[in-house]
Every structure is written in C-alpha cells, then in structure tokens.
Amino acid sequence: MSPLPPGPLAPTARRYKVLALAALALATFNLTFRLDRETVHVWDESLYATSAFEMLESGQLAVTTFQGAVDYANSKPPLNTWLIAGSFRLFGVNLVAMRLPAVLAAWLTVLVVYVWTRRHLGNAVAALAVLVLGTTYGFLYVHSGRTANSDAHLTLLVTLAFVVLASARTRAWHTVALGPIAAGVFMLKGPAALAFIAPFVVAHGVELRRAGTPLISRARPWALAAVLFSLPIGAWAYARWQFDGWLFFMQMLGYDALGRGLTAVEGHGGSPLYYLDVLQRYQYEWLVAAATAALLARRAMRGLYRACVARHLPMSLVLGWVVGCFLVPTVVATKLAWYIAPVYPLFAMVVAAVVHAAWQALAAQGHTTRARVLVAVVALAVLSAESKMAWTSFTKLDLDRSAQGLLIGHAELIRGRRVFAQTCPRPEWFLARAAGARCLVARDIELYLAVSDPKDLWLDAPGSVNPALTAVVGNRRAALYARRD
C-alpha cells in the first residue's frame, strides 16, 4: 500500500493550528449569525425575557414576575433572569441582548473544551472537538446556545466542574472553585440540578482513595468550597424568604425537584431510550462519522481506552459525566430534549478522539482509500450540520414569517397603542410590552371593534377582509389593521 498523502488532517502542527482557528471561527459564526432574525421561542425563552424585562422595570432582584404577577410556575432561582436583565440594561431590550448571555456561555464552553482537550489529548483532538461541538445542533439550538434559556450556562458550569476536579487530583486547592460553580448550578436550575455534578464529586473521591490520598488532607479546600457555595445561595434565599416566606421554596422543592423526578410533568415522559433517540435525531451526522471511523480502524478503537488511561486521563470523572448528564436524566420521570445539553462537550471530545485515533491508524498503515473516506465523511458531517442550522434559521424560525416580525419591525408604529388579537402568545406579549405597547385578547373582530378606540390595532392573518378595518403593515404570516373610523 502507498503511504498516506498529506491531507487536511495530516499530522503537522501548523495544519492543526489552522484547523483549530477555523473551527473556533465556525463555532463563533454558528452562535451569532442571524441572532436578531429568529423568532422568540414560547418555551422558555419568552418566559425568561419577560421576567428579565419586568425585573429591569421594577428593580426587584430577589423575586421573578411574569406578566405582572409573581411567577410560581417557573420555580427556579433567578440567575438566568439576572443575566438577561443585565444584558438588557447594557444593550437595550432587543433579541441580540436577550440571547447574548447564553451565546457567551456556549462560546466559553467551546473555548474550555479546546484548552482542556489540547492540554490532555493534543492539538489534533482539540481542533476536532471544537469542530464537532461548534456544529452540534443540540448544543446550539435545542434550548441552549442560541436561545435565552439557562441550559447553555448549565453546560458551561458542568464542563468547568469536570475541568476543576480533573485538575484537583494533583492540586488540592483547585477544589475551591467547585463551590461557586455548584452555586451557579443551583441558582440556574434549583437543587435538582446538583445531580448533574454530584457524580463528579463521588468519582473524584474514588480517584483520591485509589491514589492513596487521605481525604482528611482535602478538608480545608472542601470547607472553603462549601462556604463559597453557601454564601450566594443564602443571600438570595434570605431575600426571597423575606418576600413570601416558604411558599416559593416549597414550590421549588415539591414541583420542580421532586415532581419532575417522580412524575412526567405536563406529559413530558418517555422510554429509557428517550435520550438515545434525542442524540440520533439531532446529532446523527457526528454519530455516523464516529461509527465510520470505528469501522474503518477497528483495531485502533481497542487501544483507545488503554491510551487514555496511559495518559492519566480522569476516566472516573468521564464516567461521572455520563452518569450525571445522561443516566440521571434517563431515570428522571420528566424528559425533555435539553436535559442532556451538558453532555454535548463530552460527546464532542469522544467523537473527536475516535476520529483522530482512526486517522492515525490509517496513516500508520498506509490505508489511503480508507483515510479519504474518513475525511469525506467528516466533511459531509459538517456540511449536513450547517445545512440543518441554515434551514432552521431561514425557514423554521425566520422572523419575517411570523407576527413577531411585525411587532419588532414596526415598534414605533405600535408604541403607546393596544394591539388586539384572538390569541396573544408569550413571545408576542413580551415583544409588544418591550415596544411600549400592550397585547390584549379579543375573541373576534366584532369584540375588538366594540372595546377598542381609534388608536388601537388588530393583529390577524394577512388578507383579512372586513369593511371596518384597513391594513396598515403586513408580512407573509400576519398583518396589523386599524379601524377605518
């Protein structure tokens, strides 16, 4: 067999550096393109945006509200609401500012994955891991990086917990950083979310005992970590308790923690294979790439685990990541696709390690054709992922295909007015409120005409014909009408 010719993944430091920069640039693009041209999601993006806007207006930081009432349905601590409200304060109330905290969290996750993987697995695997993570649909679109939800922040904190405890095996005081990380997890998702990082702590303890490290020698770092965990939570909890006593905390523990764990809340149940289906539904291209790599270089796969162990990688922490971010959500009764968002960085590192191990084996054995097949499959995976995201942005979530586009594009027109519609979904309510208008429900045009005044507007499908109305502006999905009188 002829030796493998230099290709886009050939083992040269310069090419890996170029690939890493290109992958980072692609991840940045995928997190930011058309961020202001996609519709606001009903769940839960509009909920957080509304609460943040109202927090900005009221100045009340301890208590979250929704449409003017104290919010007990979203019984989670307010960290994500604080972040969005702060972004609104700095950059104004708009879609980019609404999504910016999550975008930054997702981008930092990519950067952390790159730095840690390069240090422990080499430049090649790091570049590939960034390429995989930066094109992973679930990491970008499913309640995560490109939305104003809290799952991008949770993914970053879980990744940092892994990095911190991996480092703390030899540097005990690095454990202290776990305190604020765990506090952030709690303040994002409540006490139930600590199950994401609890297996890391158990695995870390197992590793220390296996290495013969006395656990008592780590008492002071862990004690300081506990203090840093308790202080921010205690400060918020006290302020919240002063407002409504134990009412919110009972809801947080009973409904959000125990309720979701023991029952399928709001019908969101599923089989034990639910999250495997989520992986193949959203990440099929990278699963195919990893499977192809494994088939093309089967012998290399046998030695991959041994190579990781030989390089002293924290395999018990990797197992803790799988347990906390995949197996625990599988056991929980309530199942939603974004519950496994924190597993995507690990997914990216594993796929990258498999592809790179296969490439190295094929290069060493001179399998030119197989190597070219592997490169083609990786390229097709990237092309498929990019096409899927482009379709989502330009077709499924295109702002101009919704009533939201009218409310954003004509904010000056609706400011100070009431906008009536047969339904007023959460995103439309938020966007009207942010523009200085009000969205109100009227069951039909006749009721609108009976209760409205000449300044009020009617929101309906385009082409609606009524002699009492005249169209003002519209798009392919909606139009604003005014009274003829």
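Me: How do you know that Thr392 belongs to a helix?
Reply: Thr392 is found in helix 17, which spans residues 368-396. Helices are DSSP runs of H or I with at least four residues, strands are runs of E with at least two, and both are numbered from the N terminus. The model is a predicted one, in which local features need pLDDT of at least 70 and side-chain atom pairs count only at pLDDT 80 or more, while totals for chains, interfaces and linings use all residues. Residues are numbered from 1 along each chain as its sequence is written, and side-chain values use heavy atoms, with hydrogens and water left out.

Me: Why is Thr392 called buried?
Reply: Buried means under 20% relative accessible area, exposed over 50%, and partly exposed in between (1.4 Å probe, protein chains only). Thr392 has a relative accessible area of 2%, and is therefore buried.

Me: Which residues does Thr392 touch, not counting those up to four places away in sequence?
Reply: Thr392 touches Tyr137, Tyr141 and Leu397; contact means heavy atoms within 4.5 Å.

Me: What makes Tyr137 and Tyr282 a stacked aromatic pair?
Reply: Rings of Phe, Tyr and Trp (its six-membered ring) pair if their centres lie within 6.5 Å; planes under 30 degrees apart count as stacked, over 60 as edge-to-face and the rest as tilted. The structure holds 19 aromatic pairs. For Tyr137 and Tyr282, the centres are 5.6 Å apart with 20° between the planes, hence the term stacked. This pair links distant parts of the chain, with Tyr137 in helix 6 and Tyr282 in helix 12, 145 residues apart. Both Tyr137 and Tyr282 are buried.

Me: Why is the pair of Phe420 and Tyr448 called tilted?
Reply: The centres of Phe420 and Tyr448 are 5.5 Å apart and the angle between the planes is 55°, which gives a tilted pair. Phe420 lies in strand 3 and Tyr448 in helix 21, so the pair ties together parts 28 residues apart in sequence.

Me: How do you know that Cys424 and Cys439 form a disulfide?
Reply: A disulfide is a pair of cysteine sulfur atoms within 2.5 Å. The sulfur atoms of Cys424 and Cys439 are 2.0 Å apart, and the two residues form a disulfide. Cys424 lies in the loop between strand 3 and helix 20, and Cys439 in strand 4, so the pair ties together parts that are 15 residues apart in sequence.
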